[in-house]
Amino acid sequence: MYYPINLKIDDMKIVIIGGGKVAYRKCMNFLAFNKKVKVISQEFIEEFEEIKNKIEMIKDSYDEKYIKDDFVVVAATNNKEVNHKIGIYCRQYNKLVNVVDDKELSNFTVPSFVKRGDLLLSVSTGGKSPSLSSKIRKDLEEVYDESYEEYVELLGQAREMIIKNTDDIKERRKKLKELLDLSFDKLREIYSK
């Protein structure tokens, strides 16, 4: 069973082994969080060409030297034996590893997610139905559109102001709760800096 956690990856070295569609999708997930990754493969699908300036691409076959210094590893080759070997190595050296074709060997998975600035909504079925996760993610994208990026930012500014200017804890809680009853326009009018 997986425990939900948000991981700050700013200072973590991340490597993806594989150059196909799954590796590309995993790579794009990290890029959505402004994280440059290293991608190792003998061959890369065309889409990698479009993002080659945002990642480190190494055209080579898997070798332990490529993951030795990395903390997060994604094994996404089309070779089950190579993926297994990567998973075993990572588990032995206490690395976070996602083996795309072996849920049991993985010690983390990446859920489907919707990101709107600092708002992050994620959905997982524990690997039982990625299609359901994807469907729910699409539903969430419609409900929580791009405007939520500004909304969450404004809520953060309002929260800071309320905490700074309200000493009484009960009154502070009341004001923070009332924020969610304000319309987006009213929130913008009152708290926009």
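Predicted model: local features only at pLDDT ≥ 70, side-chain atom pairs only at ≥ 80, totals over all residues.
Which residues does Ser 133 touch, not counting residues up to four places away in sequence?

1. Ser 133 touches Ser 112, Val 123, Ser 124 and Thr 125, with residues up to four places away in sequence not counted. Ser 133 itself belongs to helix α4, which covers residues 130–143. Its relative accessibility is 5%, and because buried means under 20%, Ser 133 counts as buried.

2. Strand β6, made up of residues 112–116, has four buried residues out of five, so it is largely enclosed by the rest of the structure. The strand is joined by five bridges to β7 (residues 119–123), and the two run antiparallel.

3. A separate point concerns the open sheet, which five strands form in the order β3-β2-β1-β4-β5, with parallel pairing. At its edges are β3 (56–59) and β5 (96–99), each of which pairs on one side only. On average, neighbouring strands of this sheet are turned by 15° against each other when direction is ignored.

4. Looking at one pair within that sheet, strand β4 (residues 72–75) is paired with β5 in the parallel sense, over four bridges. Val 74 has Asn 98 in β5 as its bridge partner.

5. Two helices may be viewed together with these strands. Helix α1, residues 21–31, lies across β1 (14–17), β2 (38–41), β4 and β5, and runs at about 165° to β1. Helix α3, residues 80–92, lies across β1, β4 and β5, and its direction is at about 160° to β5.

6. Helix α5 (residues 147–165) packs with helix α6 (residues 169–179) at an angle of about 165°, the axes being 10 Å apart. The two are therefore roughly antiparallel to each other, and their crossing is right-handed. On the α5 side the contact is made by Leu 155, Ala 158, Arg 159, Ile 162 and Ile 163, while α6 contributes Arg 172, Lys 175, Leu 176 and Leu 179. Sorted by class, the contact of α5 with α6 has six nonpolar and three charged residues, and no polar ones.

Note on methods
Residues numbered from 1 in each chain as written. Heavy atoms only, no water. Axes fitted to C-alpha atoms, helices over the stretch in contact; angles between N-to-C directions. Parallel < 35°, antiparallel > 145°, perpendicular 65-115°, else oblique. Left-handed = near helix turned anticlockwise from the far one by under 90°. Contact = heavy atoms within 4.5 Å. Nonpolar A, V, L, I, M, F, W, Y, C, P; charged D, E, K, R; others polar. Buried < 20%, exposed > 50% of the residue type's maximum accessible area, 1.4 Å probe, protein only. Pairing = 2+ DSSP bridges.
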